[in-house]
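Let's take a walk through this protein, one piece at a time. Keep the viewer open as you read.

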Amino acid sequence: MAQQNGLFIYGIVPSDVEPTADAEGVGNPPGKVGAIQHGELAALVSEVGLEEPLGRPDDLTAYERLLDGTALVAPVLPVRFGTVVTGEDAVAELLEAHHERFAAALDELEDHVQYTVHGRFDEQEFIGGFLAGNESAAALADQVRGRPEAESREQRIRLGELISQAVELRREAENRELIDAVGRYAVANVPRQPSHELDAVNVAFLVGTDDEEEFIASVEEFAEQRRDLIRMRLIGPLAPYDFVSAHQLVG
């Protein structure tokens, strides 16, 4: 039986946006990316087999590469990764049913991109500073130092809980301080869930292209003030994944 194909939808863009001729999508081999237009909108799509498993690292990379590249030249509404429909008619129906909302969202995103600021505590620095300022935790650390794990299990568990609570409290404070420090150069921000137990900051910012230089400089200053304690990364410019997505607009 011949394989049936569908269309993988990457994002919604204005109707005058066309993918480059060499744009590659998901799948093995990668699908050729095209645009299906309807009114003032278009959907970036590529053909995939309906039975084809998606979700390989290469697929996610292709999805993000296409959307992030598009965001550099035009507003784009990311569609949830893995969204596949049966054909062009289904894409047209989606665009027609939500035309006004998609168009309004694209207008708001014109000349804006996402940056994500992610930082992780240096474990040794954080724990050393925490023990120096917390007598109870320092006493527990003394009790477990050099003792077999089986003999000091209770103390180790309690110490781990205290450190975990301290990380969480400090993370909340660092996220707030980051937003206070750089938020004036962004039109919106979204604190993100930590991706690691030692995450120090993880916040997405929607930044106007006219404010990118000031935003980046302010993030660099924030990072420099904490360089011994936090290893900071600025990720972007990206498509606005954390601020709007077509599947959320569809509901």
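**Salt bridges and cores**

Glu174 and Arg170 sit four residues apart in helix α6, about one turn of the helix (helices, H or I and at least four residues, and strands, E and at least two, are DSSP runs numbered from the N terminus). What you're looking at is a predicted model, where local features need pLDDT of at least 70, side-chain atom pairs count only at pLDDT 80 or more, and totals for chains, interfaces and linings use all residues. Residues are numbered from 1 along each chain as its sequence is written, and side-chain values use heavy atoms, with hydrogens and water left out.

Back to that pair: Glu174 and Arg170 form a salt bridge, with their closest N and O atoms 2.9 Å apart (a salt bridge is a side-chain nitrogen of Lys or Arg within 4 Å of a carboxyl oxygen of Asp or Glu). Glu174 is buried, at 2% relative accessibility, while Arg170 is partly exposed at 34% (buried means under 20% relative accessible area, exposed over 50%, partly exposed in between, using a 1.4 Å probe and protein chains only).

Stay with the charges for a moment. Arg226 and Glu177 meet through their side chains in another salt bridge, 2.6 Å from N to O. Arg226 lies in the loop between α7 and β9 and Glu177 in helix α6, so this pair ties together parts 49 residues apart in sequence. Arg226 counts as buried at 13% relative accessibility, and Glu177 as partly exposed at 38%. Salt bridges with shared partners link Arg170, Glu174, Glu177 and Arg226 into one network.

How many salt bridges does a search of the whole structure find? It turns up ten. One joins the side chains of Arg231 and Asp122, at 3.6 Å from N to O. Arg231 is in strand β9 and Asp122 in the loop between β6 and α4, so the pair connects parts that are 109 residues apart in sequence.

Now for the greasy side of things. In soluble globular proteins, nonpolar side chains tend to be buried together. Here the largest nonpolar core has 32 residues, and Val117, Phe130, Leu159, Leu178, Phe205 and Phe215 have the most contacts inside it (such a core is a set of buried Ala, Val, Leu, Ile, Met, Phe, Trp, Tyr and Cys residues joined through side-chain atoms within 4.5 Å). Helix α6 gives the most to this core, with seven residues. Apart from this core lies another one, of 19 residues, including Val91, Phe102, Ala103 and Leu109.
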